[in-house]
Amino acid sequence: MNKIVHISSVHELFDNRIFWKECKSLSEKYDLTLIIPHAESGKVEGIPVIGLERQSSRVKRMLITTMQAFQHALEEDAQLYHLHDPELIPVGLLLRMKGKKVIFDMHENVPGSIRSKGWVPKSIRKILCTLYHGFEKLTLNRFGIIFAEESYEREYPWIRTSETVLNMPKAHKIARIHKKKQQTPTIGYIGRIGPNRGSAILLDALKVLDKQGMEVHFECVGGGADPHLNQLQEIAQSNDLTLRLHGFLKPEDGLKIMAGCHIGMAILMPVPNYLESLPTKIFEYMALGLPVIASDFPLYRSIVEEEECGICVDPENEHGIAEAIQWLIRNPNKAREMGERGRQAVLEKYSWQNEAKKLHEFYEQVID
């Protein structure tokens with residue numbers, strides 16, 4: 001059995017794509033170890049985990065955590081290393097110098113992401129994008145590349161060895177989750193929580209509904225920066241809105257909370273990375289049988305409107321979002337039909353089972 005090692009210096013242990021999908025699927029065939037920031041080392045859900053110390057700053061992480069990851073990677077002496085973060089590309093180059101095979105999993109379009117990163121000064125974003133793209137040109141063809149989105153494949157036509165593995169849900173497993181709906185109309189969100197991911201505009205929409213005499217609760221599952229989470233709590237409390245921030249949970253726990261909601265929300269802001277990336281949460285809501293309200297991007301519309309499983313809205317217009325929520329609440333039969341169409345579409349077309357097959361076939365190609 002070939003030994004493989006997955007490495008992340010950034011993600012949480014129970015990252016949905018890395019741990020629950022890729023590592024779980026690959027561990028059925030390979031001797032797999034995961035190196036990732038975590039308090040302890042040992043077996044987790046049957047997967048050997050080597051814990052990295054989580055650093056207090058981005059600079060320390062890029063210097064200290066990546067070096068620790070490289071040292072552990074060498075000790076594992078695997079046939080193949082699967083990297084999940086751009087800051088690990090130098091680690092991949094060092095491993096290649098040692099004669100190892102390396103896969104880089106492109107979770108996001110970094111040049112596109114730089115253009116909307118709040119911590120990057122606007123004055124240097126353009127030059128930073130150019131420099132990073134040049135760095136990619138020099139390095140990425142030394143690895144096998146996995147694209148998490150179809151748009152990445154179009155934007156990197158010069159990559160020689162690649163496969164697109166979409167972040168689809170484990171649809172049949174999710175579809176088996178059943179939970180009684182909450183008594184009060186409730187919207188749900190699952191995923192990373194941040195300024196560009198719609199949490200604040202959703203609270204603004206709930207304020208609009210509250211002024212119209214409609215009470216709607218908000219269940220929010222996912223991690224985020226403390227200042228932003230505190231701001232959301234303050235907005236909710238000052239406007240007497242019910243917001244429950246559950247933090248980062250295992251997928252099955254978070255999805256059980258979503259199953260008790262009436263509507264799944266995917267209101268992401270129009271930044272470059274989101275315009276061309278399908279959020280997994282849309283497919284998770286569909287698998288749960290929830291009608292979806294999503295941003296009015298062409299890519300999102302190609303799923304939500306074509307499958308007739310929800311409503312697309314302007315993500316920066318709280319009144320339009322409030323109107324969509326209100327319509328679904330006041331038309332429960334139509335909402336239920338949307339949810340059922342979405343569930344059926346996911347089971348037939350948008351399942352991790354299909355992506356796992358592509359992942360295994362790409363591994364065979366790279367290892368051989």
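1. Basis. This is a predicted model, in which local features need pLDDT of at least 70 and side-chain atom pairs count only at pLDDT 80 or more, while totals for chains, interfaces and linings use all residues. Residues are numbered from 1 along each chain as its sequence is written, and side-chain values use heavy atoms, with hydrogens and water left out.

2. Helix 1 and helix 16. Helix 1 (residues 16–26) packs on helix 16 (residues 352–367) at an angle of about 50 degrees, and their axes are 10 Å apart. Helices here are DSSP runs (H or I, at least four residues), and strands are E runs of at least two, numbered from the N terminus. Axes are lines fitted to C-alpha atoms, for helices over the stretch in contact; angles run from 0 to 180 degrees between N-to-C directions. Helix 1 is therefore oblique to helix 16. The classes are roughly parallel under 35 degrees, roughly antiparallel over 145, roughly perpendicular from 65 to 115, and oblique for the rest.

3. Residues at that contact. Lys 21, Glu 22, Ser 25 and Leu 26 of helix 1 meet Trp 352, Ala 356, Leu 359, His 360 and Tyr 363 of helix 16. Contact means heavy atoms within 4.5 Å. The set divides into five nonpolar, two polar and two charged residues. Ala, Val, Leu, Ile, Met, Phe, Trp, Tyr, Cys and Pro count as nonpolar; Asp, Glu, Lys and Arg as charged; the others, Gly among them, as polar.

4. Thr 280. This residue lies in helix 12 (residues 280–287). Thr 280 is buried, at 14% relative accessible area. The cut-offs are under 20% for buried, over 50% for exposed, and partly exposed in between (1.4 Å probe, protein chains only). Leaving aside neighbours within four places in sequence, Thr 280 contacts Lys 21, Asn 167 and Pro 169.

5. Cores. Met 286 and Ile 325 touch the most other members of the largest nonpolar core, which has 67 residues. Helix 8 (residues 199–211) gives the largest share, seven residues. A second, separate core of 32 residues includes Val 5, Ala 78, Ile 114 and Trp 158. A core is a set of buried Ala, Val, Leu, Ile, Met, Phe, Trp, Tyr and Cys residues joined through side-chain atoms within 4.5 Å.

6. Gly 46. This glycine sits in the loop between strand 3 (42–44) and strand 4 (47–52). Gly 46 is exposed, with a relative accessible area of 54%.
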